[in-house]
Amino acid sequence: MNDSWPETATPPALETNVGDVWLSSLDLPPGAFEECSSYLSADEKERAARFRFEEHRKHYAASRGLLRKLLAGYLNTKPENFAFSYNRYGKPLLDHLYPELSFNVSHSYGWALFGFTMGTELGVDIEKERPDFATMEIAERFFAPDEVDVLRSLPADLRASAFFHCWTRKEAFIKAHGMGLSMGLNKFAVAFAPDVPPALLRFELEPNAAKRWSICDLEVPQGYKGALAMKAAPIHVRRMRPAIRRESP
Ligand SMILES: CC(C)(COP(=O)(O)OP(=O)(O)OC[C@H]1O[C@@H](n2cnc3c(N)ncnc32)[C@H](O)[C@@H]1OP(=O)(O)O)[C@@H](O)C(=O)NCCC(=O)NCCS
């Protein structure tokens, strides 16, 4: 898996129609964790302190610290310099400072994806595959009726994997829009059956959306699924892994 995510010390220049995606473990060695934690703003430190479990606190600090470090690399500034704003659904943004930049973060059970592009919207999602969660009941609650029909038509042994493909592709699309669940999970559908390439099939709120959006899978660690959604077609995806320091700062 490391081969498809080459370790990269400095982010390349962002390009139009190119999605840069970084994969990282959030269980950082002590030196890297200290470094990441030191970048957090006062409100982020407060938020970290509110997590009940140390593991969650550490993962949040690692994720925010890595986000800041990657942004600083792209924007040639210091990681502690960013004051995020948030849209009404909680999506962190820097649109007041860098209107062309889009970024999005996802984390699940110790792994994180960070997506960056310019000039268009992008969303990422990583999920740990929990077979007990991948039920038809949950699908009926969160998927569009046409997606539920596809899932139901699959042999039982293929359903859990297909479920998480559908979930991550849908979630990446929702996250690109930034409106959370208020966007309406029925209003759009993604392709996710085995042997069918990932794609947006329909989106009621945007004419020709299926032609304008790209969805692709990301090769995340075994037991997880990952997806990227970007409003551009075609897109090129550059996969990278942040260079993590092992010694103390
Ligand atoms: C808010 C939401 C993005 C949470 O998603 P999630 O899967 O729980 O979490 P992820 O790890 O993928 O994403 C969280 C990160 O996305 C970013 N984020 C927060 N709100 C966001 C929003 N409205 N849109 C996009 N990104 C958002 C943040 O950076 C956040 O990380 P942080 O809290 O450490 O800063 C939203 O899509 C949601 O509520 N999802 C619920 C899950 C669901 O029902 N999905 C249905 C799929 S079919």
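Does F163 count as buried, partly exposed or exposed, and at what relative accessibility? F163 counts as buried, at 0% relative accessibility. (Buried means under 20% relative accessible area, exposed over 50%, and partly exposed in between, with a 1.4 Å probe and protein chains only.) This is a predicted model: local features need pLDDT of at least 70, side-chain atom pairs count only at pLDDT 80 or more, and totals for chains, interfaces and linings use all residues. Residues are numbered from 1 along each chain as its sequence is written, and side-chain values use heavy atoms, with hydrogens and water left out.

**Aromatic pairs**
- The whole structure holds 18 aromatic pairs. (Rings of Phe, Tyr and Trp, the last by its six-membered ring, pair if their centres lie within 6.5 Å; planes under 30 degrees apart count as stacked, over 60 as edge-to-face and the rest as tilted.)
- F133 and F163 pair edge-to-face, at 5.9 Å centre to centre and 90 degrees between the planes.
- F133 sits in the loop between β7 (122-128) and α4, and F163 in helix α6, so their pair ties together parts 30 residues apart in sequence. (Helices, H or I of at least four residues, and strands, E of at least two, are DSSP runs numbered from the N terminus.)
- F133 counts as partly exposed, at 21% relative accessibility.
- Ring pairs join F133, F142, F143, F163, F164, W167 and F192 in a cluster.

**Helix α5**
- E147, V148 and L151 are buried in α5 (residues 145-153).
- They cover an arc of only 100 degrees around the axis, which puts them on the same side of α5. (The arc is that of the directions from the helix axis to the C-beta atoms.)
- P145 and S153 are exposed on the other side of α5.
- The cover over the buried residues of α5 includes α4 (136-142), α6 (156-177) and β8 (188-191). (Contact means heavy atoms within 4.5 Å.)

**Backbone exceptions**
- Most residues other than glycine have a negative phi, and most peptide bonds are trans.
- The A233 to P234 peptide bond is cis, with omega near 0 degrees.
- P234 lies in the loop between β11 (224-230) and β12 (236-242).
- Y109 has a positive phi, near 45 degrees, and is not a glycine.
- Y109 lies in the loop between β5 (101-108) and β6 (111-118) and counts as exposed, at 54% relative accessibility.
- D195, also not a glycine, has a positive phi of about 70 degrees.
- D195 lies in the loop between β8 and β9 (199-203) and counts as exposed, at 81% relative accessibility.
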